[in-house]
Amino acid sequence: MTIEHVSANRSFGGWHKQYQHYSSVLKCAMRFAIYLPPQASAEHKVPVLYWLSGLTCSDENFMQKAGALRIAASLGMAIVAPDTSPRGSAVPDDEGYDLGQGAGFYINASEAPWDQHYRMFDYINAELPDLIESTFPVTKRKSIAGHSMGGHGALVSALRNADQYCSVSAFSPIAHPSDCPWGRKAFESYLGKDRSRWGEYDTVQLLNDGKACPPALIDQGESDEFLAEQLKIDVLENTVRNKNLSITIRRQEGYDHSYYFIASFIEDHLVFHAEHLALKFAK
């Protein structure tokens, strides 16, 4: 697969780089960002954390705002941030911010006109990792994390591919999309009105169905404006408690849905992943 180099910035001794490539899964050009820490070389490959961003975001939001690169450099961890959806003039879109371009929901759409391009689940869990592992000095050991829509995508990816990911974490995830406005709109459009098909992309439903989960850490701000209506963390907490699951969910007083929240706790998440990726790091 041919990839085109877009930009490069030196950061904390490593390199933040953007690339574009044609995705055969999404049938369009896609951009992603990768941070390669100073330890990464042909002789010393490093593990990868995949970061999935939220509604309206691209590959740039997390890399520029989260403050993660300094920590990744100290841990010897690569970070890959894909875009949040297929894009381009030939790709279907919607006037709303919560459907279409920028809002792929990390699922495989089955309904027209979305089904020809919106197959983000396969892109994130198969095509993109294959590209990363064949192109850059990284190992096959990987973890996954995300925020909001991306937290939903990370949790669903890990639950459905528990053998692929060493760990999973999320900030403010859309935990029960089958029962919130964002999720209902996206799922009905992408998957159709038959709600029995929605469960394979719903964290709460997957846990209730007995899916195994890799080690998991979830942070939720108590002052998040989307907490009650969209995120349904209370439903996830009840599921975890009732099924006695070893998933850590932390409530953080005063924090909202923004990157101020993510930047405040991103070090905890990267260290959590480093432990499960078997990285040696200085405490």
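In the hairpin formed by S2 and S3, four residues lie between the strands, and Lys27 among the hairpin's residues takes a positive phi near 60°. Strands here (E, at least two residues) and helices (H or I, at least four) are DSSP runs, numbered from the N terminus. This is a predicted model, in which local features need pLDDT of at least 70 and side-chain atom pairs count only at pLDDT 80 or more, while totals for chains, interfaces and linings use all residues. Residues are numbered from 1 along each chain as its sequence is written, and side-chain values use heavy atoms, with hydrogens and water left out.

**Strand pairing** (two strands pair if DSSP finds at least two bridges between them)

- S2 (residues 14-23) and S3 run antiparallel and are joined by nine bridges.
- Gln18 has Ala33 in S3 as its bridge partner.
- S3 also runs antiparallel to S5 (residues 78-82), with four bridges between them.
- Phe32 is bridged to Pro82 in S5.

**Burial of S3**

- Of the nine residues in S3 (residues 28-36), seven are buried, meaning under 20% relative accessible area with a 1.4 Å probe, protein chains only.

**Nonpolar cores** (sets of buried Ala, Val, Leu, Ile, Met, Phe, Trp, Tyr and Cys residues joined through side-chain atoms within 4.5 Å)

- The largest core has 66 residues, and Phe105, Ile132, Ile144 and Tyr190 have the most contacts inside it.
- Helix H3 (residues 120-135) gives the most to this core, with seven residues.
- Another core, of 28 residues, lies apart from it and includes Ala33 and Phe261.

Terms used: Buried < 20%, exposed > 50% of the residue type's maximum accessible area, 1.4 Å probe, protein only.
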